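Take a look at the model below. We will walk through a sheet first, then a helix.

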Amino acid sequence: MKNRQATEDIALGIRRRVFEHTMRNGGGYLSQACSAAEQFAWLYNEELNLGEPTLPMVPKPFTGVPSATNVSYHTGAGYNGPAEPIYDRLIIAPAHYALVAYATLIEVGRMAPAGLEMFNKDGSSVEMIGAEHSPGMEVHNGTLGIGLSTGAGLAFGRKRRGESGRVWVYMSDGEVEEGQTWEAVQAAAYHGIDNLFAIMDVNKQQCDGAMESVMSVGNIARKLEDFGAVVVEIDGHDIEAMRRAVKTPHSRKPLIILANSSPFRGMKFLERRFPRLHYVRFKSEEERTEMNAAISAELGIAPIKFNAS
Amino acid sequence: MWGKPMIVMVTRPYATAFEKYALANPDVLCLSADLTSSCEIDGFRDRHPDRFLSLGMAEQNMMSFAGGLGLAGYRPFLHTFGVFLYRRPYDQLMACVAYPRRKVRLMGFLPGITTPGGMTHQAIDDISVMRSIPNMTILETGDATEVESICEAADSIDGPVYCRVLRGSVPRLFSTSIRMGEMRELSLGSDVLVVTSGITTEEAMRARDVLEKRGVSVRHLHLNTIKPFNTEALLDHINAVRYGVITMENHLTVGGIGSLVAETIADAGSGKRLLRLGLRDTYAHGGSRPYLMRFYGFDAFSLVGGIETLMRQNLAISEDDLKAVRLEAVHSSAKAEGL
């Protein structure tokens, strides 16, 4: 399912879809699409070794949480293909990127566009904060800091079984404020878990605003290296840089790619909203109309038709 | 006065039992968070380093890591003090283990006041917390035989399990292994129902002998499976006694087996009188086990007092009477579990 389209085109498609969705629904995780589009596009279109999807193109409604009696329960991992030894697994640690992830699944042909229409609707599995049963998700990650530990455990287990498939964790930079992130890195290094890969969207934003205004975290790259990871810093919008970065040798250590990104990339209009970028809402219908015209033009599409709220 | 005690003490039953069980089950992994010898797995670490993962003093990562191992099809046994399996890593326990029903076996050592370590080390609210977590199973060991069978019992569960494990020198009270979901019927009297689990069972057995000599007919149940729980069987016992029910637990009286019995009585509308012995909305402090059980009111003598309250009788039982209980009697009464 790889390379039917250029990765750059998929990244543009992700931004367009997330923007369209945000316009029509009166808000959304828009800046995450700006910062992460190339990273998701690269992972799904090039880097991840995934099988054909095992779940229907149009997602099934919510069918209940895991329990001893819910025997037909399954996660949304089937959109990434089967969990076979040769295939890679992806854990999206900041589940708030779900909208970006769903848009990616559509762009790479793993989910129907109708799936996005179910986003955040009651009774839908396409949840706002990605749940285990949401398309493309295999574990819950709405609580930040647990993703890398889970990935490390899964990777250790897969390595022990001799599986060739890797474990990838998509991370966000705000997560480094959680102490568990550092526990995970030191454990992965201590146990030589080198089939563990992470790419971190370093957009310097978190819920309250710019990270520097919330908590100083120091030099993330140096800290990760001190805790035992191999780190490569790249421009988070440079796909060629991602291709090079992943080739970095990292014997008996996890590889973490720090993707320095812009939360306005492709949507310059959002700069006006800084530092409140975590979830973009419209302050007025005028702003919504103005944003629609400006960003549509930047993305090369006609303004989005929406029902005024 | 009755000669040497007949009760058999078993040394480090978990160490032997875990090693035997793990070696027979290749997908069982041994995880530790810097309390390896304290949890009796130091020998296992030394003999089977390829099956042992040291995860350091970092329980949050250990919990999520275990979730990942579960996703890879392994059945990790986590070893640390019970208190460190749910207080610090509660969020990880919920998201990475309980919700997805990973086959993670949480082996919680030093339950309740079995540690002199004081508040930070005493898991006095673990059963309460674990009972409120969907998908969780809870087991508690009360003697060496239960410790010896805890690995197999826990590992039979299709989902996460929290176990209260006794360590060190542990008395052998029972001759049969844990049978999941089955309470042990230690005596079938008709005056009062005594429900115990863990270390309080031995205390109740000690008191029972004296009580029966005073003409009190005690019905005594020992719980090793706390969740899920067969309330129907318990109700039959509740309905079979005249005066009421006493629970005695090495835990807060809120959320543990006292609450479990209270909920059962209330749900059924049975209206039977209930007295709950244990920690009553208080932390404990550091001290020896007998001192703390006495101080906080969940030892043999406290049980006698509770039964006097329930029956509104003075049974004229002194502490010396309890001390004089022949331990042989404790042992032989345990054999009545097959009733």
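Two strands pair if DSSP finds at least two bridges between them. Helices (H or I, at least four residues) and strands (E, at least two) are DSSP runs, numbered from the N terminus. This is a predicted model, in which local features need pLDDT of at least 70, side-chain atom pairs count only at pLDDT 80 or more, and totals for chains, interfaces and linings use all residues. Residues are numbered from 1 along each chain as its sequence is written, while chains are lettered from A and ligands numbered from 1 in the order in which they are written.

Start in chain A. Strands β7(A) and β8(A), the latter spanning residues 255-260, pair in the parallel sense over 6 bridges. A:Val230 stands opposite A:Leu255 of β8(A).

Now widen the view. An open sheet of 5 strands in chain A runs in the order β2-β3-β4-β8-β7, with parallel pairing. Its edge strands are β2 (89-92) and β7 (230-235) of chain A, each pairing on one side only. Neighbouring strands of this sheet are turned by 20° against each other on average, direction ignored. Axes here are lines fitted to C-alpha atoms, and angles run from 0 to 180 degrees between N-to-C directions.

Move to chain B. Helix α7(B), residues 200-213, has 14 residues. From first C-alpha to last it reaches 20 Å, close to the 20 Å expected at 1.5 Å a residue; the expected span is 1.5 Å times one less than the number of residues.

Is this helix buried or exposed? Because 12 of its 14 residues are buried, α7(B) is largely enclosed by the rest of the structure. A residue is buried if 20 or more other C-beta atoms, placed from the backbone, lie within 10 Å of its own, exposed if 12 or fewer, and partly exposed in between. Among the buried residues are B:Thr200, B:Met205 and B:Leu211. After α7(B) comes B:Gly215, whose phi is positive, near 85°.
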